[in-house]
Amino acid sequence: MSISENLRNLKNELPEHVTLVAVSKTKPISDLMEAYNAGQRIFGENKIQEMTEKWQQMPGDVEWHMIGHVQRNKVKYMAEFVSLIHGVDSLKLLKEIEKQAAKHQRVISCLLQIHIAEEDTKFGLSEEEALALLESEEFQAMKHVKITGIMGMATFTDNQDQVKREFQTLRSLFVKIAHNRPEINTLSMGMSGDYTMAIDCGSTMVRIGSSIFGARNYH
Ligand SMILES: *Cc1c(COP(=O)(O)O)cnc(C)c1O
């Protein structure tokens, strides 16, 4: 099926309250334009350089989401245009985002990445670390970053019970931190292989790549 057909099918399937991030990493501009022409405006990339190159080539009304691990020394390249950074996993990184956002007189929305998978290769904060960060004076003094929610990735496994448990853990934390914090409204969880489960568990934002654009080729 074509990219536009995949998108149409997916849109029909997703509930109204769930935002779709089309994950276009490794894909050429022509593929992104096909999705754009089918109405998609939110794109997710995991490498800052690739995202910046695509931002320069794509129409100006695209919203760019950084979904990958962020190196502090590269924040400056995306501070001008990024609309949501999903993978914030330290106060140090947040400080750099604050600094670079200030240079552009912007307020950049961020999600805290929470470690829910059993693999230790997946980045992220523990629940305690996330709460401590939100409560820290340093964060509360920041004027150019806004934390609007949390993000997580489940373990890559066929064990549906385990995936469900991990998503439920993330959802519980989301409910907890959203209490008395009206700006917290985004729970980013679910990819091509597990978005149905993620939505059942309360996801408000899914990040879907291969189900839209086809399998990726890494060289
Ligand atoms: C690549 C990626 C996705 C999309 O993965 P698919 O399985 O292709 O849907 C989602 N989230 C993150 C963080 C990714 O790196």
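1. Let's start with S203, which sits in the loop between α9 (195-200) and β8 (205-208). Please keep in mind that this is a predicted model. S203 has 0% relative accessibility, so it counts as buried, the cut-off being under 20%.

2. What does the side chain of S203 reach? A polar atom of that side chain lies 2.8 Å from the backbone oxygen of M189, and the side chain also reaches the backbone oxygen of M205 at 3.1 Å. If you set aside neighbours within four places in sequence, the residues in contact with S203 are H17, V18, L187, M189 and A198.

3. Now for the ligand. Which residues surround the ligand? They are V23, K25, I67, M151, M153, M191, S192, R207, I208, G209, S210 and R216. By type, this shell divides into six nonpolar, three polar and three charged residues.

4. An oxygen atom of the ligand is 2.8 Å from a polar backbone atom of G209, and a backbone N or O atom of S210 lies 2.8 Å from an oxygen atom of the ligand. R216 uses its side chain instead: one of its polar atoms lies 2.8 Å from an oxygen atom of the ligand. On its own the ligand has 390 Å² of accessible area, and the protein covers 90% of that.

5. Helix α5 (residues 91-103) passes a simple length check. With 13 residues at 1.5 Å a residue, α5 should span 18 Å, and because its end C-alpha atoms are 19 Å apart, the two values agree.

6. Which residues of α5 are buried? They are L93, L94, E96, I97, E98, Q100 and A101. These buried residues pack against helices α4 (75-78), α6 (127-135) and α7 (137-140), and against strands β4 (84-88), β5 (108-114) and β6 (145-152).

7. Two backbone angles deserve a friendly flag. Most residues other than glycine have a negative phi. Just after α5, however, Q105 takes a positive phi of about 50°. Q105 is in the loop between α5 and β5, and its relative accessibility of 74% is why it counts as exposed.

8. N180 is the other residue to check: its phi is near 65°, a positive value in a residue other than glycine. N180 lies in the loop between α8 (160-178) and β7 (186-188). Is N180 buried or exposed? N180 is exposed, with a relative accessible area of 68%.

Technical notes: Residues are numbered from 1 along each chain as its sequence is written. This is a predicted model: local features need pLDDT of at least 70, side-chain atom pairs count only at pLDDT 80 or more; totals for chains, interfaces and linings use all residues. Side-chain values use heavy atoms; hydrogens and water are left out. A residue is near a molecule or strand if one of its heavy atoms lies within 4 Å of it. A polar contact is a pair of N or O atoms within 3.5 Å; within protein, one must be able to donate a hydrogen and the other to accept it, and residues adjacent in sequence count only if both atoms are side-chain atoms. Accessible areas come from the Shrake-Rupley method with a 1.4 Å probe; for residues, only the protein chains shown count as cover. Ala, Val, Leu, Ile, Met, Phe, Trp, Tyr, Cys and Pro count as nonpolar, Asp, Glu, Lys and Arg as charged, and the others, Gly among them, as polar. Helices (H or I, at least four residues) and strands (E, at least two) are DSSP runs, numbered from the N terminus. Buried means under 20% relative accessible area, exposed over 50%, partly exposed in between (1.4 Å probe, protein chains only). Contact means heavy atoms within 4.5 Å. The expected span of a helix is 1.5 Å times one less than its number of residues.
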